[in-house]
Amino acid sequence: MKKNTKNRVEKKNPTLWTKNFTLITISTILSAIGGEAMNLPISLLVFDYTQSTLLSSIILVCGMLPDIVLPVLIAPIIDKTKKKMWLLITDGALVLVYLAMGIWTMLFDFYYVLYVIFTLVVATISVISRLSYNAWYPDLIPVGMEQKGYAVSGTIYPVIIIAMAPITTVLYEYVSISQIFLFVAILTLISFVLESRILEGDTHSHRSITIKDYMKELKEGFIYIKKEKGIRNIYTYMSITSGAGEGVSIMTQAYYQTQPIFTVVMLGFLKSVEMIGRVIGGTLQYKKEIPVKKRYLFTKFVYGFYNVMDSILLFLPYPLMLVNRFLCGALGSTSATIREVAVQSYLSADMRARVQALFQVIFAIGGILFQLAAGILGTYLPYRAVTVLLSGVSMIAMILLIVIPKKENRIVYEATRKI
């Protein structure tokens with residue numbers, strides 16, 4: 001009798017932390033640590049050796065190039081095959097790439113072209129890995145635990161960035177790049193082993209999609225975006241402001257590496273403070289929602305505030321830089337949540353994926369163009385002047401795309417989900 005009662009209780013109270021979910025969560029944490037341990041040191045190394053913002057920006061651009069076309073090409077294949085298989089293949093490939101780079105950098109001096117190739121290869125593998133992970137992850141969350149599951153995954157990267165940003169700058173100062181490569185290779189290998197122990201979990205059946213069907217759906221997405229001015233305005237602005245923000249990040253890093261009063265460790269703490277702001281902003285947004293009728297007004301305020309803060313960032317003393325980034329992180333996280341809730345409520349369920357896919361391409365193109373522009377401008381202009389220029393472009397875009405088309409945009413921001 002007691003045993004039956006226990007079984008009934010367990011059925012009524014399912015746990016999120018099944019073996020599958022625990023393993024994928026640990027694997028995700030290890031991957032996030034490895035990614036952060038690698039990204040910033042490479043960026044710092046390239047600038048230290050080249051002293052060129054253009055060459056530094058090219059490295060960042062190479063990290064985004066595969067996102068322009070590859071997701072569209074590979075997604076149908078991943079949908080029709082085993083996601084676990086693709087994730088294991090990509091993690092295995094990354095282990096070999098990191099191991100090879102660790103051995104090479106131990107034996108040879110800095111070679112810029114090698115880092116360009118490395119970035120392209122890792123970015124390509126990462127696109128496939130990310131698509132596989134995102135398609136597989138929902139199947140590893142117990143039924144009824146979706147909100148908790150995504151809450152866990154949504155906090156991993158901000159927390160890892162908070163912890164790793166200063167640590168990676170210290171690693172860069174005191175540990176060789178070859179050791180960092182080998183360290184990340186070990187983390188990725190452990191992640192590979194953990195993923196291999198996950199039960200398949202892929203329970204979805206898939207139908208074949210012909211090229212004709214695919215082109216028809218893609219065309220419908222373009223027609224929809226052309227018709228929906230509010231959606232188009234919002235995402236076009238986001239591609240511009242996120243690209244400008246990436247450019248400001250390039251200038252900030254270059255500024256810190258060329259001014260004697262700053263160190264890369266201070267740069268790491270600057271990044272951590274912004275992530276702390278994002279975590280706090282997200283927590284506050286979870287506990288207290290912005291009223292629907294105030295979403296549009298609040299968003300306009302945040303966008304304007306963010307552009308002003310970016311423009312003055314490098315003119316401030318270090319303590320005020322920390323305050324600047326903290327406020328931008330907190331407000332930026334809140335506005336991002338508002339935007340996604342509004343847009344996803346506004347879009348019909350059968351149009352969300354296509355619209356998101358099309359704007360993902362625009363985001364990648366915007367990021368590439370602005371990063372290249374920042375790199376070129378940083379070669380000829382003072383870094384602080386470039387940040388003002390980029391922030392000014394973002395501010396003008398905000399006025400033209402967010403403020404002036406008030407009627408079209410307000411409809412989107414005030415949308416609520418209809419059940």
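The talk below takes aromatic pairs, a helix crossing and salt bridges in turn.

Tutor: Gladly! This is a predicted model, in which local features need pLDDT of at least 70, side-chain atom pairs count only at pLDDT 80 or more, and totals for chains, interfaces and linings use all residues. Residues are numbered from 1 along each chain as its sequence is written, and side-chain values use heavy atoms, with hydrogens and water left out.

Student: Why is the pair of Tyr98 and Phe118 called tilted?

Tutor: Rings of Phe, Tyr and Trp (its six-membered ring) pair if their centres lie within 6.5 Å; planes under 30 degrees apart count as stacked, over 60 as edge-to-face and the rest as tilted. Here the centres are 6.0 Å apart and the planes stand at 55°, so the pair is tilted. Tyr98 sits in helix H5 (residues 83–107) and Phe118 in helix H6 (residues 112–136), 20 residues apart. Helices here are DSSP runs (H or I, at least four residues), numbered from the N terminus.

Student: What makes the pair of Phe118 and Phe181 edge-to-face?

Tutor: The angle between the planes is 85°, with 5.3 Å centre to centre. This pair links H6 to helix H8 (residues 177–196), 63 residues apart.

Student: How do you know whether Phe181 is buried or exposed?

Tutor: Buried means under 20% relative accessible area, exposed over 50%, partly exposed in between (1.4 Å probe, protein chains only). Phe181 has 0% relative accessibility, so Phe181 is buried. Phe118, at 7%, counts as buried too.

Student: Why is H10 called roughly perpendicular to H16?

Tutor: The axes of helix H10 (residues 229–258) and helix H16 (residues 406–413) come within 8 Å and cross at roughly 90°. Axes are lines fitted to C-alpha atoms, for helices over the stretch in contact, and angles run from 0 to 180 degrees between N-to-C directions. Angles under 35 degrees count as roughly parallel, over 145 as roughly antiparallel, 65 to 115 as roughly perpendicular and the rest as oblique. Therefore H10 is roughly perpendicular to H16.

Student: What makes Glu274 and Arg278 a salt bridge?

Tutor: The term asks for a side-chain nitrogen of Lys or Arg within 4 Å of a carboxyl oxygen of Asp or Glu, and this pair has 3.6 Å, N to O. Both residues lie in helix H11 (residues 264–287), four residues apart, about one turn of the helix.

Notes:
Helices (H or I, at least four residues) and strands (E, at least two) are DSSP runs, numbered from the N terminus.
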